[in-house]
Amino acid sequence: MSNVTLRLAPATLTRGLSRITSPTGRIPRPCIVSKWLQSRNLTVVAAPIQEAIPLRKHLKDEAKRKRAEAKSNGGTKPHAKDSRLKKWELTVGIEIHAELNTACKLFSSASAEGTDGVANTRVASFDAALPGAQPHFQVATLLPALRAAIALDCKVQGKSGWDRKHYFHWDQPNGYQITQYYEPFAKDGVLRLHASDGVPLADLNGAESIEIGIKQIQMEQDTAKTTHHRPSTYHIDYSRAGHPLIEIITLPHVHSPQTAAAVVRKIQMVLRSVDACVTGMELGGLRADVNVSVRERGTEGTGSSYSGVSGLGQRTEIKNLSSFKAVEDAIVAERGRQIDVLEAGGVIEGETRGWTLGATETTRLRGKEGEVDYRYMPDADLPPLVIGQDLVEHLRSTLPELPSETVERVRNLYGLSLKDAKTVFDLDDGDRLEFMEETIESVQRKLGRTDIDQLEIGKLVSNWIIHELGGLLTTTELNWESMNVTPGELADVLVNLHNKHITARVAKQLLSTLIETPASARSSVEQLIDDGKLRLRPLSEEQYQAFAAQIMDDNPEMVVAVREKGQKGKIMWFVGQMVRRGEEGTVEPEKAREVFDKLLVV
Amino acid sequence: MRSRPLALRVWTAQTNAHRRAFATTVRCRDVTERDSKGNIDVGKLLSQPTWSVASLLPAKDQQPGGPEISSKQLHHLLRLSALPAPKDAAEEAAMLSTLSSQLHFVKDIQQVDTTGVEPLRSLRDETAEGEQEAELGMEAMKEALGMETVRGRYHQRIRRRRRGDGVDGESEEGEKWDPLGTAGKKVGRFFVVEGGKDG
């Protein structure tokens with residue numbers, strides 16, 4: 001074939017042949033006509049012109065296309081889903097395993113923290129199941145467990161027992177796990193959730209909050225860590241074997257996937273706030289299993305019941321969910337699957353299922369026939385756990401603030417918005433909130449006047465601490481511990497700002513300077529203001545007017561734009577010009593805005 | 001009637017009360033032979049066994065009193081105990097017959113009336129003082145409570161002091177041993193398990 005570029009065939013020929021070309025735009029299979037065209041260096045398909053489309057435009061176009069697509073299908077999908085959900089009601093029960101924050105393991109004195117990355121170092125003889133090794137209950141592990149039970153409003157049992165749950169697995173060296181099957185140490189608790197915790201309005205049913213019952217909390221051992229290598233080899237690390245866990249079992253009071261995720265989130269927050277469990281789900285310190293069943297609204301399902309809640313459908317268990325999103329997605333998928341089966345006339349089997357990230361359906365792990373017979377029996381090596389009532393009362397009275405209490409207190413005292421309050425109490429392990437409260441008190445003291453509204457100060461300080469300070473930390477890539485601004489210094493800056501000795505811009509600069517100065521070369525805020533001549537020297541009205549007139553003369557087009565085209569937004573541009581051209585610490589943006597408003601709007 | 005020693009009175013009372021237990025046991029006689037001084041001839045008493053373990057097993061021609069065990073149940077039990085399955089039908093038949101004799105014995109034990117009796121889990125001090133000693137109250141938890149600090153003044157939180165916060169690094173009671181010393185197979189610092197079909 002000669003190296004000649006193909007010419008487009010004449011229009012008449014193209015039209016006639018357009019019926020033959022495939023609708024998907026693929027190059028048609030060589031046929032006699034096309035071969036004839038080819039031999040004359042003609043083509044009916046226009047050669048694609050390779051144009052470089054800017055990436056931003058391409059992404060925007062893609063997003064637009066997706067939205068249009070979603071709109072065209074979106075009309076039908078949610079409608080179909082809603083009608084199914086109107087007919088079928090979901091019920092979920094959740095079991096959470098959380099690692100306790102302790103120094104040693106549950107039944108041996110091997111350390112529970114810090115490996116320096118080396119495997120199989122924190123292993124006592126009982127953890128490795130050496131023959132003859134005996135378990136010894138480590139009493140210090142009781143404290144975080146009790147705090148967790150008290151925080152979740154459970155009744156602590158004076159006497160509880162230890163039971164063996166037998167099964168063979170390479171991560172369970174003893175051949176049984178020591179747990180509290182017959183007599184757990186805490187029962188009958190409750191967890192309260194509000195709309196702000198992520199509960200959908202449909203579940204709230206007009207109430208302020210919903211209550212999820214906690215059936216029991218029990219202490220048990222963790223298994224060893226296994227890693228899978230190649231086809232069927234497993235590497236075992238017994239450092240984690242025997243680590244104390246608490247298992248929190250809720251009653252089947254949850255009726256939507258969002259609420260289920262909210263329950264897990266709330267429990268993690270509560271446990272963290274009382275220092276009971278400090279490793280989160282993302283680090284593997286908290287794992288959730290969910291039990292899912294559906295029933296037709298208004299019926300009794302298959303008549304199954306669990307722990308006093310009756311009239312439920314057959315449930316299936318989804319094991320080992322390791323993130324909040326996974327909890328929600330897995331429940332949605334399982335609900336869909338169960339409704340499909342039931343609507344097709346089938347029966348749900350009580351099986352154990354698994355979920356992997358990114359999947360669309362749960363996978364079957366174990367059926368009813370594969371159910372393990374655990375042969376629970378009391379452990380004869382361990383005495384019963386007897387908990388003194390005085391200890392429980394002491395822990396209850398010294399329990400740290402729960403997250404909902406903190407958020408409420410912070411909102412009432414300092415007037416923070418709900419979003420800000422929830423953000424600040426969680427930052428830096430609570431240290432940022434501590435800093436904020438100290439700063440607020442310092443500001444109040446320095447201002448001296450008691451007529452200043454604490455809410456006003458609270459808003460000012462919280463904005464600076466969450467947004468300004470937070471932003472500076474990100475840009476300078478510091479973490480909170482190495483930040484060396486003291487509450488007193490921040491209070492100084494904010495007091496000056498409040499008294500209009502400096503502008504907001506100057507205040508930000510000061511803060512940035514303070515963060516970057518090492519502790520040794522520190523001078524006080526007052527000194528910094530004086531040295532940098534940053535004190536606000538307010539301009540008089542005439543000076544403002546003169547300055548504004550000058551800028552307006554320099555930029556007649558902008559003036560025209562505002563006056564005649566009515567582009568009010570450009571006024572801020574003028575303000576920005578004045579701030580930039582003016583001397584540091586002289587121009588106040590609010591005042592400049594007023595002046596420009598008067599001058600420009602003629 | 002001459003009064004019998006207390007132990008003997010209690011023992012016979014028990015054997016009379018649990019009449020059905022050990023039904024094939026030869027009942028011991030109420031009266032032990034004594035000489036004129038009232039002493040027991042110990043040698044004569046101990047020369048004749050009054051009870052044999054054979055009484056717990058079914059007699060040669062007797063049908064075992066326990067429930068029928070199916071082959072499926074046998075295999076389930078073997079799996080639960082991680083014992084190997086029987087090699088052939090003969091071994092399985094032998095296992096089943098041993099198992100049913102053992103269950104005959106268990107059935108005898110189950111004849112004991114245990115209404116209202118809490119199963120014994122282990123021998124422990126169940127007196128009031130014993131339970132008091134075992135109770136974990138403020139006194140017992142003093143040391144653990146001392147390992148925590150309160151952090152913050154305005155927003156008070158409890159934090160356990162971790163190693164490196166001034167806490168003594170040595171927590172193990174001198175357990176200096178290499179866990180991997182017991183490993184049959186290992187790779188680096190890990191135990192190795194072959195999880196294949198046979199593993």
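Modeller: Start with one pair of residues. In the predicted model, His97(A) has Glu247(A) in β12(A) as its bridge partner.

Biologist: What makes β3 and β12 of chain A a pair of strands?

Modeller: Pairing takes at least two bridges between two strands. Strand β3 (residues 88-99) and strand β12 (residues 244-250) of chain A are joined over 5 bridges. The two therefore count as paired. Their sense is antiparallel.

Biologist: Which sheet holds them, and in what strand order?

Modeller: An open sheet of 9 strands in chain A, with the order β4-β8-β9-β12-β3-β13-β16-β17-β18. The pairing is mixed.

Biologist: Why are β4 and β18 of chain A said to stand at the edges?

Modeller: β4 (155-156) and β18 (363-366) of chain A each have a single partner strand, so one side of each lacks a neighbour in the sheet.

Biologist: Where is Thr223(A) found?

Modeller: In the loop between β9 (209-221) and β10 (225-229) of chain A.

Biologist: Is Thr223(A) buried or exposed, and how do you know?

Modeller: The relative accessible area of Thr223(A) is 15%. Buried means under 20%. Thr223(A) is therefore buried.

Biologist: What does Thr223(A) touch, leaving out residues up to four places away in sequence?

Modeller: Tyr167(A), Asp171(A), Gln172(A), Arg240(A) and Ala241(A). A contact needs heavy atoms within 4.5 Å.

Biologist: How many cavities of 30 Å³ or more are there?

Modeller: The count is 1. The largest cavity holds about 50 Å³ of space, which is set against the cut-off of 30 Å³ or more.

Biologist: Which residues line the largest cavity?

Modeller: Phe126(A), Asp127(A), Gln172(A), Pro173(A), Asn174(A), Gln221(A), Asp222(A), Ala241(A) and Gly242(A). Gln172(A) and Ala241(A) are also among the residues that Thr223(A) touches.

Biologist: What classes make up that lining?

Modeller: It has 3 nonpolar, 4 polar and 2 charged residues.

Biologist: How much of chain A and of chain B counts as buried?

Modeller: In chain A, 46% of the 602 residues. In chain B, 18% of the 199 residues.

Biologist: What pattern does chain B follow along the sequence?

Modeller: Chain B reads α-α-α-α-α-α-β-β-β-β. That goes with 6 helices and 4 strands. Chain A has 20 helices and 20 strands.

Notes. Residues are numbered from 1 along each chain as its sequence is written. Chains are lettered from A and ligands numbered from 1 in the order in which they are written. This is a predicted model: local features need pLDDT of at least 70, side-chain atom pairs count only at pLDDT 80 or more; totals for chains, interfaces and linings use all residues. Side-chain values use heavy atoms; hydrogens and water are left out. On a 1 Å grid over the protein atoms alone, a cavity is a set of points where a 1.4 Å probe fits but cannot get out, and a pocket is an open set with protein on both sides within 12 Å along at least five of seven lines; lining residues have an atom within 4 Å of a point. Grid points are joined across faces, edges and corners, and a volume is the space filled by probe spheres set on the points. Ala, Val, Leu, Ile, Met, Phe, Trp, Tyr, Cys and Pro count as nonpolar, Asp, Glu, Lys and Arg as charged, and the others, Gly among them, as polar. Buried means under 20% relative accessible area, exposed over 50%, partly exposed in between (1.4 Å probe, protein chains only).
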